[in-house]
Amino acid sequence: MATDPLDTKLASGWSRVELARRWALASEPNPDDVRSPRVVLLLRELGWVFEPFRRLFRKLEITPSERPRTVMLLPGFGAHPIRMRYMARMLEKAGHTAKRWGVGYNFGATAKRLADVEHRLLELFERAGEPIVLVGWSLGGVMARELAKLHPDKVAKIITMGSPFSGSPRANNGWRAYQAIAGHRVDEPEFDAEPATKPPVETVALWSPRDGVVHPRCARGRVGERDRAIGMHCTHMGFVHSPEVIKTVLGELEAL
């Protein structure tokens, strides 16, 4: 894959004008009718740093799959695919083939990034010879939904985890950072998108009332915006390593 222009800019630095523009984007006021998760929930997100220690005492029993699938994992905003590696290992332990999205860090819903992930989907479909399951965390899930709208015949199922596809895209505690880094408003992506419109494939939304980043209502969605919504008991950062979430994802793969 070619290097994303944003990655190059992050490495070389922005001009003062560009920095000022991005600062202005991050400083925009939040609409009065939009509510983000409570601060106490956001503070609990810091607990993810202890996850490597928790794994030392965790034994997750994985049942071998009766019908192994090819799964593409799409990371959340600001995250690298390695953050989903633990989940990938558990899927592979069950016999599934877990693949990265092939784009590196997720620095926003840009036209080029979507095009690169689209190319990756087509490549995996060609290799597997059957539709691919998309598992997207946060922004990765929103992008997975858009991919499935472009290629419904190449996507077997979508599982989103804490993804803000419903309601206001500012009903979260990350939209200011998003606008500063991505360089565009969170409700003005670089490509045509209707996040709340359900893709023409089976779509399952995992959400959590303990999510400190994305408002639960936005990740749960409304009837008609997804096929099913399943409540979890984890933080936003915990979606990618929670035993409950991993077993739920494995169950959804078996249900295909």
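Biologist: Which residue does M72 stand opposite in β3?

Modeller: In this predicted model, M72 stands opposite L134 of β3. The strands β1 and β3 pair in the parallel sense, over four bridges.

Biologist: And what stands opposite L134 in β4?

Modeller: I158 of β4 stands opposite L134. Between β3 and β4 there are six bridges, and the pairing is parallel.

Biologist: What's the order of the strands in the sheet?

Modeller: The order is β2-β1-β3-β4-β5-β6, in an open sheet of six strands with parallel pairing. At the edges stand β2 and β6 (228-231), each with a single partner strand, so one side of each has no neighbour in the sheet. On average, neighbouring strands are turned by 20° against each other, direction ignored.

Biologist: How many bridges join β4 and β5?

Modeller: Four bridges, again in the parallel sense; β4 covers residues 155-161. T160 has A205 of β5 as its bridge partner.

Biologist: Is β5 buried or exposed?

Modeller: Five of the five residues of β5 (residues 203-207) are buried, so the strand is largely enclosed by the rest of the structure. T203, A205 and W207 are buried on one side, and V204 and L206 are buried on the other, which leaves both faces covered.

Biologist: How many residues of β4 are buried?

Modeller: Six of the seven, so β4 is also largely enclosed by the rest of the structure.

Biologist: OK, helices. Which strands does α5 lie across?

Modeller: α5 lies across β1, β2, β3 and β4, and runs at about 170° to β1. Helix α6 (residues 111-128) also packs on the sheet, where α6 touches β1, β2, β3 and β4. The direction of α6 makes about 165° with that of β1.

Biologist: Which residues of α5 are buried?

Modeller: In α5 (residues 85-93), the buried residues are Y86, M87, A88, M90 and L91. Their cover includes α4 (51-55), β1 (70-74), β2 (97-100), β3 (132-137), β4 and α10 (243-254).

Biologist: What comes just after α5?

Modeller: G95, with a positive phi of about 110°.

Biologist: You listed α10 as part of that cover. At what angle do α5 and α10 pack?

Modeller: The angle is about 45°, with the axes 10 Å apart. That makes α5 oblique to α10. Their crossing is right-handed.

Biologist: Which residues make the contact?

Modeller: Y86, M87, M90 and L91 come from α5, and V245, I246, V249, L250 and L253 come from α10. By class, this contact of α5 with α10 has nine nonpolar residues, no polar and no charged.

Biologist: What about α2 and α8, at what angle do they cross?

Modeller: Helix α2 (residues 16-26) and helix α8 (residues 175-182) cross at roughly 160°, and their axes come within 8 Å. That makes α2 roughly antiparallel to α8. The crossing of α2 past α8 is right-handed.

Biologist: Which residues are in that contact?

Modeller: R22, L25 and A26 belong to α2, while W175, R176, Q179, A180, I181 and A182 belong to α8. The residues of this contact of α2 with α8 divide into six nonpolar, one polar and two charged.

Biologist: Switching to loops. Where does F239 lie?

Modeller: F239 lies in the loop between β6 and α10. The residue is buried, with a relative accessible area of 0%.

Biologist: What is F239 in contact with?

Modeller: Leaving aside neighbours within four places in sequence, the contacts of F239 are M87, W137, M161, G162, L206, W207, S208, D211, M232, C234 and V245.

Biologist: How many residues apart are F239 and A88?

Modeller: They are 151 residues apart in sequence, and 13 Å apart in space from C-alpha to C-alpha.

Biologist: One more loop residue. Where is S138 found?

Modeller: S138 is found in the loop between β3 and α7 (139-150). Its phi is near 55°, a positive value in a residue other than glycine. Most residues other than glycine have a negative phi.

Biologist: Is S138 buried or exposed?

Modeller: S138 is buried, because its relative accessible area is 10% and the cut-off for buried is under 20%.

Methods:
Residues are numbered from 1 along each chain as its sequence is written. This is a predicted model: local features need pLDDT of at least 70, side-chain atom pairs count only at pLDDT 80 or more; totals for chains, interfaces and linings use all residues. Side-chain values use heavy atoms; hydrogens and water are left out. Axes are lines fitted to C-alpha atoms, for helices over the stretch in contact, and angles run from 0 to 180 degrees between N-to-C directions. Helices (H or I, at least four residues) and strands (E, at least two) are DSSP runs, numbered from the N terminus. Angles under 35 degrees count as roughly parallel, over 145 as roughly antiparallel, 65 to 115 as roughly perpendicular and the rest as oblique. A crossing is left-handed if the near helix is turned anticlockwise from the far one by less than a right angle, and right-handed if clockwise. Contact means heavy atoms within 4.5 Å. Ala, Val, Leu, Ile, Met, Phe, Trp, Tyr, Cys and Pro count as nonpolar, Asp, Glu, Lys and Arg as charged, and the others, Gly among them, as polar. Buried means under 20% relative accessible area, exposed over 50%, partly exposed in between (1.4 Å probe, protein chains only). Two strands pair if DSSP finds at least two bridges between them.
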